[in-house]
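Please read this short report alongside the sequence and the coordinates.

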Amino acid sequence: MSTFLELGLKEPINKALTDLGYEKPTVIQEKAIPQIITSTDDLKAFAQTGTGKTAAFSLPILELADDTKKNTQAIILSPTRELAVQIGNNIKEFAKYMPNIKVVTVYGGANIEEQIRGLKRGAQIVVGTPGRTVDLINRRALKLGNIEWLVLDEADEMLNMGFKDELDKVLDATPETKQTLLFSATFPREVEAIARNYMTKPVEITSGQKNTGSDDVSHEYYLVTERTRYQALKRIADLNPNIYAIIFCRTRRETQEVADNLIKDGYNADALHGELSQAQRDSVMGKFRKKTVQILVATDVAARGLDVNSLTHVINHKLPDQIENYTHRSGRTGRAGKTGISIALVSNKEKGRIGSIERIIKKKFVQGKVPGGKEICQNQLMHLIDKVNAIEVKQSEIEDFLPSIYEKLEGLSREELIQKFVSLEFNSFLSYYENARDLNDLSSKETGRNGRGSNENMTRFFINIGRKDSLNPARLIGLINDQKITDNIEIGAIDILDTFSFFEIDKKFEEQTLNSFSENQPEFSGRGVNIEITKKERGGGRRRGGKKPFGNRDGGGFGRRRSSEKSSGGRRSENNNKNRSSSRRGGDRPDRNSNNDRKPSGFGRKRRERR
Ligand code: AMP
């Protein structure tokens, strides 16, 4: 294997690479760098994301660019704003010891005047998204008449995103003499057409097989139903306390919905999609890079090409419409020599697509089991113990308190102390997952009418108040809580009807529930309240027309924000704080299906997953 110097790069570049920790070239760099330095032939490179392709095209350009001139010599087109910014920043880092090299990045959604000023000051290398690049060409702020290099990065995605016209316009503004470098992970017909029409006898290089996935990524699929998809997602997150993941969704709406639900459920998550403003996107990405946000829920387009290393997981909440996109998604992990896991949540109906993906990536999927409560608790417990082991004790800060603490804990043995401390951290979580349903049992009897079902461990109560009494699920939960039946009671499905309603309570507290209501004789909207145990209907006992229940919620997790952790800030931090404090009490776990049935503040009862 060669060194960067042996590939023909000069010392200032080599020095910058050393600073970045690049010890040796990657396969694509080894092939592309000498090729571009020594030949003006066009180049068609099959390169997976994460293989080091940014350096593969930008290092030789830096090597050859004339830094005594200020005119634009290279234009690099990339499909998204994020990717363009990333490439621009990478090149600036590579050119750290080349003070006369100027790089300007241009993209929509940002101040065009500022970009024009940057271009006027002179930049040998311009990185841009197609739309803004055309805009700047039209305003004569960007002159490409003398460029030497045109790079089309992620050409397939640019075409997918409908940038064909913009590409044509940019290409028209460039001279015949330029060298075109086309990098793409997939080569569908449209990209081949660009290569045919705009490139002259391109040299082809590849970093591995076309369209195949990285060797560093293992692929797993989990069978889910529409009802268990989100629960399975949370369990995967709960099983991996150090998860650092992108969850891919197909639409902006699905993305926002999954992100909102995760945030409400106390996870360190945020959404990235095209409906967010540029400032919001930058802020989300900044937090994700700093790992303040652990889980990024994103659309394909928004997350395309994002250079975030050390992701532990890529999760396909739904498979992409175009199977080829699976390669891009999974390529977000297993980068820069690290290993990663790509998980697909698929229904029975979608399972057939796994085979098609296997043929494209030339790798086999392993069927995973949605983790159960015991497994999750065990992992989280060990994680906690590891954290205890690793924690630095700041003696001087705590020593004033220690004598009275020792005094209070006097008499407890080491074992008792450990047990109490573990229980303190764990009781609510353990009870949350206690009896957690096996989500791998897709034939679950629970799926009754309306996709909801009965639960053997719950008792269904009739209550003589309903919508006409201004009852809603939140108020009903408040009413149940007010009866102080027991700490930590599980409330299951709720059906509010016009003049009466139903709710489910953990069977263990059947008697206590009846007694509490009868002793307290509560009133609601001026009516005396009474409850009775009902017989279940077949298939779950739901009545047509009843509101969606609160049921079917899944558990909380340790991988979640703790109130002591930094808030992710931004527009949701207030919400997060609220939810964090309630989740510490083992409280709120809003159901993505719960309509407007949101948790009332102060509702501190545990709502366990349906078993
Ligand atoms: P890319 O495919 O250009 O998005 O690069 C993927 C990741 O690998 C980026 O974080 C790069 O900084 C990193 N990288 C690229 N080339 C090398 C190299 N030769 N040695 C170590 N890391 C690299």
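The sections below take the basis of the model, the ligand site and the confidence in turn.

## Basis of the model

This is a predicted model, in which local features need pLDDT of at least 70 and side-chain atom pairs count only at pLDDT 80 or more, while totals for chains, interfaces and linings use all residues. Residues are numbered from 1 along each chain as its sequence is written, and side-chain values use heavy atoms, with hydrogens and water left out.

## The ligand site

The ligand is surrounded by 15 residues, counted as near if one of their heavy atoms lies within 4 Å of it; the closest are Y22, Q29, G52, T54 and N309. By class, the shell holds 4 nonpolar, 7 polar and 4 charged residues, where Ala, Val, Leu, Ile, Met, Phe, Trp, Tyr, Cys and Pro count as nonpolar, Asp, Glu, Lys and Arg as charged, and the others, Gly among them, as polar. Both domain 1 (11-207) and domain 2 (217-372) supply at least three residues to this shell, the bounds coming from an automatic or database domain assignment.

A side-chain N or O atom of Y22 lies 2.4 Å from an oxygen atom of the ligand, and a polar side-chain atom of Q29 is 2.7 Å from a ligand nitrogen atom.

## Confidence

The mean pLDDT (the predictor's confidence in each residue, from 0 to 100) is 79 for the protein, with 82% of its residues reaching 70 or more. Over residues 536-611 the pLDDT stays under 50.

How values were computed
A polar contact is a pair of N or O atoms within 3.5 Å; within protein, one must be able to donate a hydrogen and the other to accept it, and residues adjacent in sequence count only if both atoms are side-chain atoms. Contact means heavy atoms within 4.5 Å.
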